[in-house]
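Me: I am new to this structure and would like to learn how to read it. Please take one feature at a time.

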Amino acid sequence: MNLSHLIGTIEVGKKADLVIFDALSANLAGAADPFQGVVFHASNADVDTVLVNGEIVKRNSVLTKMPWGPVALELQ
């Protein structure tokens with residue numbers, strides 16, 4: 001795709017879509033393998049922080065761009 005200058009590694013100046021899980025949550029604290037813990041045990045409640053294109057859209061389990069209420073209404 002010829003985008004290695006923009007994506008593929010975490011570096012200053014590159015685009016970043018990242019999901020950070022709370023490894024101490026009830027679902028993940030006992031997982032011996034963090035990858036298996038996320039795949040088999042994690043839920044949306046275990047997601048602490050989300051970055052989209054380098055911008056934080058969820059921090060400390062709370063959406064930063066807009067409150068959840070309007071999003072839930074639109075989804076309904």
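Me: How many positive and negative side chains does the chain have, and how far apart do the centres of the two sets lie?

Reply: Lys and Arg count as positive, Asp and Glu as negative, while His and the chain ends are not counted. The place of a charge is NZ of Lys, CZ of Arg, CG of Asp or CD of Glu. Here the chain has 5 positive and 8 negative side chains, with the centres of the two sets 9 Å apart.

Me: Where do such values come from?

Reply: This is a predicted model, in which local features need pLDDT of at least 70 and side-chain atom pairs count only at pLDDT 80 or more, whereas totals for chains, interfaces and linings use all residues. Residues are numbered from 1 along each chain as its sequence is written, and side-chain values use heavy atoms, leaving out hydrogens and water.

Me: Which helices and strands make up the secondary structure of the chain?

Reply: Helices (H or I, at least four residues) and strands (E, at least two) are DSSP runs numbered from the N terminus. The chain has two helices and four strands, and along the sequence they follow the pattern β-α-β-β-β-α.

Me: In what order do the strands form the sheet?

Reply: Strands of a sheet pair through backbone hydrogen bonds, either parallel or antiparallel. Two strands are taken to pair if DSSP finds at least two bridges between them. In this chain the four strands form an open sheet in the order 1-2-3-4, with antiparallel pairing. The edge strands, strand 1 (18–21) and strand 4 (62–63), each pair on one side only.

Me: How many bridges link strand 2 and strand 3?

Reply: Three bridges link strand 2 to strand 3, which is residues 55–59. Val50 is opposite Lys58, and Leu51 is opposite Ile56. The hairpin of these strands has two residues between them, and Asn53 there takes a positive phi near 55 degrees.

Me: What pairs strand 3 with strand 4?

Reply: Two bridges do, again in the antiparallel sense. Lys58 stands opposite Leu63 in strand 4. This hairpin, too, has two residues between the strands.

Me: What is the phi of Asn60, and is Asn60 buried or exposed?

Reply: Buried means under 20% relative accessible area, exposed over 50%, and partly exposed in between (1.4 Å probe, protein chains only). Asn60 lies in the loop between strand 3 and strand 4. Its phi is near 50 degrees, a positive value in a residue other than glycine. Asn60 is exposed, at a relative accessible area of 56%. Ser61, found in that loop, has a positive phi near 70 degrees and is partly exposed at 40%.

Me: What share of the residues in the chain is buried?

Reply: Buried residues make up 14% of the 76 residues.

Me: What is the radius of gyration of the chain?

Reply: The radius is taken over C-alpha atoms, and the globule rule is 2.2 Å times the number of residues to the power 0.38. A compact globule of 76 residues would come near 11 Å, but this chain has 15 Å. Its C-alpha atoms fill a box of roughly 40 × 35 × 20 Å along the principal axes.
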